Amino acid sequence: PLTNPDGALLSQIGLSSAPITARESLLALNGGNENFALWKANGRGVDLNVNFAARWGEGVKNVRNAGAENYIGGKPFYETETTALKNFTQQIYPNYTVSYHTKGEEIYWYFYQTEKARARDERLARALSLSTGYPLAFAEGSAGGYKDWCISRFGIPAFTIEAGADTLKHPIRKEGVEDILTRNQNALFDLSTAYGNEKI
């Protein structure tokens, strides 16, 4: 369920979570800052959520150098993690996908769908919004994410739920997780119900 274990450990624990041989380079990638709380990339400094083949490298915040966030990697699916998720998705060919990120309490659902698909996906996104209380949002200038790839590659609905209030500090602690779990406890059931109704 966790696509970026190395990055999560860096954010939660810090540099001591990394192999000793990698610590010097990671510290350099973080600008010499020993605080990794806002680290988004994997252990190689690639932001996995911009490493998918969906208008790869066209995001307004994309960067070409490894670091804490927004580095697109050498090419799409350059990283073990994105390749594994790509292979898994192609193997199971899901009806839809939901990715959980933190934070912001909003739902991203759009990525240049056809008009018909856009109408369907917005209806499903509204079901998620009703279930969680999170508003729908549009990440203008964003590209290369897993949601984006699922929409463009398979034509399926795909959603990124930014869970947790902006007031929460990174990494999010137990008290923040409790609210996220409460607000999302019925989200997948409600989405599945809405998806089933679309098929009727």
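This is a predicted model: local features need pLDDT of at least 70, side-chain atom pairs count only at pLDDT 80 or more; totals for chains, interfaces and linings use all residues.
How many of the nine residues of helix α5 (residues 146-154) are buried? Residues are numbered from 1 along each chain as its sequence is written, and side-chain values use heavy atoms, leaving out hydrogens and water.

**View 1. Helix α5 is mostly covered.** Seven of the nine residues of α5 are buried, where buried means under 20% relative accessible area (exposed is over 50%, partly exposed in between, with a 1.4 Å probe and protein chains only). They are Tyr146, Lys147, Asp148, Trp149, Cys150, Ile151 and Phe154. These buried residues pack against helix α3 (80-92) and strands β1, β2 and β4; contact here means heavy atoms within 4.5 Å. Just after the helix, look for glycine 155, which takes a positive phi of about 70°.

View 2. Helices (H or I, at least four residues) and strands (E, at least two) are DSSP runs, numbered from the N terminus. Read from the N terminus on, the elements run α-α-α-β-β-α-β-α-β-α-α. The C-alpha atoms fill a box of roughly 55 × 40 × 30 Å along the principal axes. Of the 200 residues, 44% count as buried. Among contacts with a separation of 6 or more, 73% come from residues 24 or more positions apart.

**View 3. Four strands make an open sheet.** Their order is β1-β4-β2-β3, and the pairing is mixed. At the edges stand β1 (97-101) and β3 (136-137), each pairing on one side only. Two strands pair if DSSP finds at least two bridges between them. Strands β2 (residues 106-108) and β4 (residues 158-162) run antiparallel and are joined by three bridges. Here tyrosine 108 stands opposite threonine 160 in β4.

**View 4. Helix α4 lies across the sheet strands β2, β3 and β4.** This helix spans residues 115-132 and runs at about 30° to β4. For such angles, axes are lines fitted to C-alpha atoms, for helices over the stretch in contact, and the values run from 0 to 180 degrees between N-to-C directions.

**View 5. Serine 99 is found in strand β1.** Is this serine buried or exposed? Serine 99 counts as buried because its relative accessibility is 14%. Leaving aside residues up to four places away in sequence, serine 99 touches Tyr146, Phe159, Thr160 and Ile161.

**View 6. The loop between β1 and β2 holds lysine 103 and glutamate 105.** The peptide bond from threonine 102 to lysine 103 is cis, with omega near 10°. Glutamate 105 has a phi near 50°, a positive value in a residue other than glycine.

**View 7. Two other loops hold phenylalanine 77 and proline 171.** Phenylalanine 77 sits in the loop between α2 (20-29) and α3. Its phi is near 60°, a positive value in a residue other than glycine. With a relative accessible area of 14%, phenylalanine 77 is buried. Proline 171 belongs to the loop between β4 and α6 (174-184), and the peptide bond leading from histidine 170 to proline 171 is cis, with omega near -10°.
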